[in-house]
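Here are two exercises on ligand surroundings. Have a look at the model, then work through them.

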Amino acid sequence: MTRTVNIGLVGAGTVGGGVLKALRRNGALMASRLGVRLHIAQVAVRSPKKKRDFKVAKGVLTTNWKSVINDPKIDLVVELIGGTTIAKDVVLTALKAGKSVVTANKALLAFHGEKLFAAAEKSGANLYYEASVAGGVPIIKVIREALVGNRVTHLYGILNGTCNFILTKMKEGLDFSAAVKLAQQQGYAESDPSLDVDGHDAAHKVGILASLAHGFWVKPKEIYTEGISHITPLDLEFAGSLGYAIKLLGIVKKSKKGPLQVSMYPALIPRDHVLANVSDVYNGVLVRGDVVGDTLYYGQGAGRDATAGAVLSDIGDAVLDLKHGSTDRLKAFTPHESNGEVRPIGETTACYYMRLSVLDRPGVLAKVSAILAKNKIGISSVMQPEGHEGGSVPLILMLHYAKNAAMAKALKAIVKLSSVKTKPVLIRVENFG
Ligand code: NDP
Ligand code: HSE
């Protein structure tokens, strides 16, 4: 007789609702592929009277997540409420009770992953988190399984659908706040969208990928993070005329010796690079393995259906593990390099785009160049577009490789020049070398 796995869903908003609808559509197909029937036994939400676009059987909806976990019928818990407080209790309680958990919650994993994975290990349950990074792109499976025989030397990722959507819409002429609103309406943004635009959501994701690939737990505070709110249409335009696109880019780079670079910041990337063409809500991840070389993964990084697809993938893995009694076939996280370290941003190097707003008079460029030279930073090109008004003009400098610490020092001195009128815009350039 075909076994049934009873699922308890905690959270049925954008993603949870998508999971219910997708299971209704493809549940029978999944059952025939997995040899296990999937049954949604309980669904916990906050407001039971809210109008919803999915149906559940009578008695399935509850507001008490504890009753979901304590229900002896329930074999698998799916956490889709978000946040790091109640969600942490949900996941920990389930794991401690020996029930495996599927989650899409990257903030929870970034801050409490170590503790959660330890709890899973202790109770013999498992934690599945494909939907936590890059929406519908199966990047966790790729790093954990497909690239198991590789050392990941470089990973570059566009990992926040909302930011990529906003940058794309700004390039098309929409202003920043209208683009944020649109991303919220589409269900892409976090409930607090500053998590997206300030780069934190993407930093949580790059931290999860770095931890998985390098086998030690990278903490959010170790990840240098910048968001996109200082990027203006002017920068998108100037970058374009220099042959670049601007993307919020996560970087994990391993040099031959020493600590790992793990960062999340906007970067100019060559317009003909494949990641420059990842637009709208799409995410793209380039992973370079020492055996396989460059590999690329692409798909929708946020939104109801894409994320539901990733949750279904985890549900599939979880039910197969339950069916075969093998919850540790693929451990959620293996600390295979527990002495790993993250390189402080000041010690990493980059090329830079610097946009200054300066008084239109002779000698300004000479003063800026002198400061850069004093800090051993070379200029590769200078652009001063004409036709700007208001007494000051933009001055764009493309700068050679320099340590971030040297650049920060130079910037401090440049800001003090009386001919520099507003806070400079500094964006790193990534050439994928
Ligand atoms: P929503 O805000 O749309 O949904 C949250 C759900 O959790 C709602 O159904 C809400 O109930 C329920 N909920 C909140 N608190 C409780 C509680 N105390 N007890 C029971 N239920 C509760 O969030 P999303 O679906 O967008 O996000 C869920 C998770 O997925 C987050 O971790 C998010 O980061 C992650 N994620 C989201 C993606 C996206 O594109 N949206 C993509 C990838 C990951 P009610 O409906 O009654 O308000
Ligand atoms: N807010 C997130 C994003 C959801 O836009 O990428 C997907 O993790």
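**Exercise 1.** How many residues surround ligand 1, and which are the closest?

*Solution.* Ground rules come before the steps. This is a predicted model, with local features needing pLDDT of at least 70, side-chain atom pairs counting only at pLDDT 80 or more, and totals for chains, interfaces and linings using all residues. Residues are numbered from 1 along each chain as its sequence is written, chains are lettered from A and ligands numbered from 1 in the order written, and side-chain values use heavy atoms, leaving out hydrogens and water.

Step 1: list the neighbours, meaning residues with a heavy atom within 4 Å. Ligand 1 has 24 around it, with Ser47, Lys50, Arg52, Glu190 and Gly303 closest.

Step 2: look for polar contacts (N or O pairs within 3.5 Å). Oxygen atoms of ligand 1 sit 2.7 Å from a backbone N or O atom of Gly303 and 2.9 Å from a polar backbone atom of Ala12.

Step 3: check the cover, using Shrake-Rupley areas with a 1.4 Å probe. Alone, ligand 1 exposes 910 Å², and the protein buries 88% of that.

**Exercise 2.** Which residues come nearest to ligand 2, and how many are around it?

*Solution.* Step 1: the shell holds 13 residues, and Lys106, Thr162, Tyr188, Asp196 and Lys205 come nearest.

Step 1: go through the contacts. A polar side-chain atom of Lys205 is 2.7 Å from an oxygen of ligand 2, while a nitrogen of ligand 2 lies 2.8 Å from a side-chain N or O atom of Glu190.

Conventions:
A polar contact is a pair of N or O atoms within 3.5 Å; within protein, one must be able to donate a hydrogen and the other to accept it, and residues adjacent in sequence count only if both atoms are side-chain atoms.
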